[in-house]
Amino acid sequence: MALFWIPNMPPFAASTAHAGVQATYYVSPTGSGSTCSSASPCSLTGAQSVVRTVNSNMTGDIIVYIMPGNYTVTSPITFDESDSGTNGHTIRYKNYGPVGSAVFLGGRAVTGWTQYSGNIYRADVGAGRVFNDLFENGRRAVKARTPNVSSSYGVTTTSQGPWLKNIAYSDTSTTTFKYNTGDLDPTGWNPATMQAQIFSGGYYNWDENLIPLSSVDSANHLITLSQNTPYGLTPGGRYFVQGDLSLLDAPGEYYLDQAGGYLYYYPRSTPIQDQTIIAPTVKDIFRFVGSSQTSLVHDVALQGLSLDYSDFVDQDPAPGSNLVRAPDAMIYLTNTQRITIEDCHLRNAGLTGIFMHRFNENNTVYGNWIEQSGVNGISVIGYDPSDPATADVNNSHVIENNKIDFVGVHGSYSAGIYMLFTGKNTVSHNQISHGARWLIGGGTVPDIPVSQQYFANNYFGYNDLYAACEDTADCGAFYFFGSVYQAQANTIEQTTVDTARWNVNSGLSETAPSGVQPNIGVWGIYFDNASNYWKASNINVKNAQTGAYLNNGNSNETLTNVSWGTGYNDSLVDHKNIGLLPDFPSAYGNGGYTWANDSDAQLTYTGSWAHNPGPLAGDMNDDETYTDTPGDSVQYTFDGTEVKWVTSTSNNRGKADVYIDGVLDATVDTYTAGTVRQSVVYDKGGLSSGQHTIKIVVSSSKNADSGGNYIVVDGIGATSNHVNDDLVTYSGSGWSVNTGLSGNYLGDEHYANTSGNSCQYTFNGTGVKWLASTSNNRGEADVYIDGVLDSTVDLYTASTVRQNAVYSKRGLIPGPHTIKIVVKGSHDSTSGGTYVTVDGLIVVPA
């Protein structure tokens, strides 16, 4: 990994280790009172009130453990300056148990369904209740619309198509457009409940707006909007209309009668009583809001939590604006400092996952999985230079090691990570896929004074970008606009872009009818509107629809070893370390592995294999390679200590023999009664450091219940960063080994309770994480990095938690380091012992 220094800020995220614990509290879904113990837990707000009484002069971190279960949120959980950590310590609201098992639901189930007509059911939700999203079994439903959305929406693409296109009326009108004969039948419509989702500006096809209808003139085929669009409604602009009961005619569509209090729904699955149907209750689940720029909420962390469901809106936040700046998110922050969002899972945000708005400094967003966001995955938006309160007060954040999938499913003008008027940030090791528009994008306002150039000195590196611009034109997977001066240059390096192109449902093409200009295209890297002085190096772009790179009139860019340039050398691109880091939570997917997709050249196939390009919803890169011929094989040579084979299992699958370095290691049966995508059917750890070869050979045998002998390769991944406990060096006579432990890494662990016993491991990297099994007889340990005490860790939990990351250190200078763990022989007052366990380590490589 290259080390890039930005003035006055660290190159990578700071350590999450904490030096000692002042107090520990517990929260449960049914908790109450103010005891907040493991035996008598509080509610979250109850624990928050208790913490406020003990945080004014902290002597160590305060940990609030949040027990597994569902927490229904009916109003935002808000933190202000009185909830802050003090004296350099942090208040941590942390999942207790497997990562993601404490789930905050921004909605509640709808029940009491009765059949209304045919396939449509209705339920009484109460007159006056308002929501603009709905979910069936975790999948987003669609407000009743025409034309009906494609069944691939939200599954393999973010495109909201198919779309209709307006016809000639007035190129300059920003409120009225004309629809084609036969496209719409507005008989019986109630425009007061309806909206149009529409693109203005014609062939540009990039600025989309959600605007309520004002009126419909069926005689002249005219629709008038209640507010202006940013650009003229020229012919060929894409649109659909929504929000009337008469349009409810397809599975997954709903209509809410706010006045009558009835929700109407056409379920995807029946009986409807067996489906979990959630209506949102809030737009924001957590809010970090200081009262001013001098009264900040600071030094608070959310760790290992799940957030599911939040509400959307029924119109843009302001005339001429769009949804990208709507001021709500699952986690919303303003007037904050040193807030950490780590190892959380955010799913089904109505608007944005995480939004750092206006004044925010030195926050960390690390190791999170954000998926199915209505608009952006992560937004970082400072003050607009035209704002009278403008100042360079949104900066110095670390956004690292996040997996962001499916962004812009409600608003196409969107990004996986959207950054505006913000600088001195590190954005690295993120894996971002499937975006209606940009995967990383934003910038500033062109041609403004140097003093207001807040978007500057940003570093983007080691990001993996896949499937951008699925529903917009004039687009790039990595896109920025606005002036930057030489002293403030932004940098992008070690970046891969694969697939930037319109989805088939977008209705976009590069040809156009006579008299209409064709759509502006799609690129991998796009520097627009005076984006000067960018430094770009070691970038690989493939499968970009129009071209790998567009420089739209900019000057003084520095391009070094880019795939569209002369003399490009792919070996200088650090493919192995691009994307997620090894300590990305394994429960959230394929973090820390170097993955070879089934179609990559690193895999060598022998025999009659065939490739299915898909799109196959749920597969890695939406494709797979298969054969049913015995003896056919595939092999992959990797450098690492662990390897995984990922496949799709199903009812026509067979068996395969798996060899490691030429030695038969396992016979794998890939049969399952139903299809399972990205199934890890083989996982081999504990290999010696160095190069190894995995070979998969199709067997002639199969499960008796299988209807075929097919073997499928979706991908193979390897890592050299998981260190099992048996590779650690132990000192002292008190250490013992447990084996056959379900849930432990490779099924074993070392343990000791003798004061002074220690273990250590020397690694080459920038960070390390210690995995242990915590339980009710565990004690405390001191952790040293390179001989310096860094933290005291308490391994006590009321019940056993396997592979618990009890210590994490990041931001080390690349190179050799030594972690040492020393048993203290002390314990929490509620613990029944002083045992310290070592299950393994995860190393963040240099």
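This is a predicted model: local features need pLDDT of at least 70, side-chain atom pairs count only at pLDDT 80 or more; totals for chains, interfaces and linings use all residues.
**View 1. Salt bridge between Arg92 and Asp61**. The closest N and O atoms of Arg92 and Asp61 are 2.9 Å apart. Arg92 belongs to strand β5 (residues 91–95) and Asp61 to strand β2 (residues 61–66), so that distant parts of the chain, 31 residues apart, are linked by the pair. Both Arg92 and Asp61 are buried.

**View 2. Salt bridge between Arg338 and Asp299**. Here the closest N and O atoms lie 2.9 Å from one another. Strand β27 (residues 336–342) holds Arg338 and strand β24 (residues 297–303) holds Asp299, so the pair ties together parts that are 39 residues apart in sequence. Arg338 has a relative accessible area of 37% and is partly exposed. Asp299 is buried, its relative accessible area being 9%.

**View 3. Salt bridge between Lys424 and Asp392**. In this pair the closest N and O atoms are 3.4 Å apart. Lys424 sits in the loop between β37 (415–420) and β38 (426–428), while Asp392 sits in the loop between β33 (378–381) and β34 (394–395). The pair links distant parts of the chain, 32 residues apart. Lys424 counts as partly exposed, with 21% relative accessibility. Asp392 is also partly exposed, at 33% relative accessibility.

**View 4. Salt-bridge network of Arg52, Asp80 and Asp83**. Salt bridges link Arg52, Asp80 and Asp83 in a network. For the model, the count of salt bridges comes to 15.

Note on methods
Residues are numbered from 1 along each chain as its sequence is written. Side-chain values use heavy atoms; hydrogens and water are left out. A salt bridge is a side-chain nitrogen of Lys or Arg within 4 Å of a carboxyl oxygen of Asp or Glu. Helices (H or I, at least four residues) and strands (E, at least two) are DSSP runs, numbered from the N terminus. Buried means under 20% relative accessible area, exposed over 50%, partly exposed in between (1.4 Å probe, protein chains only).
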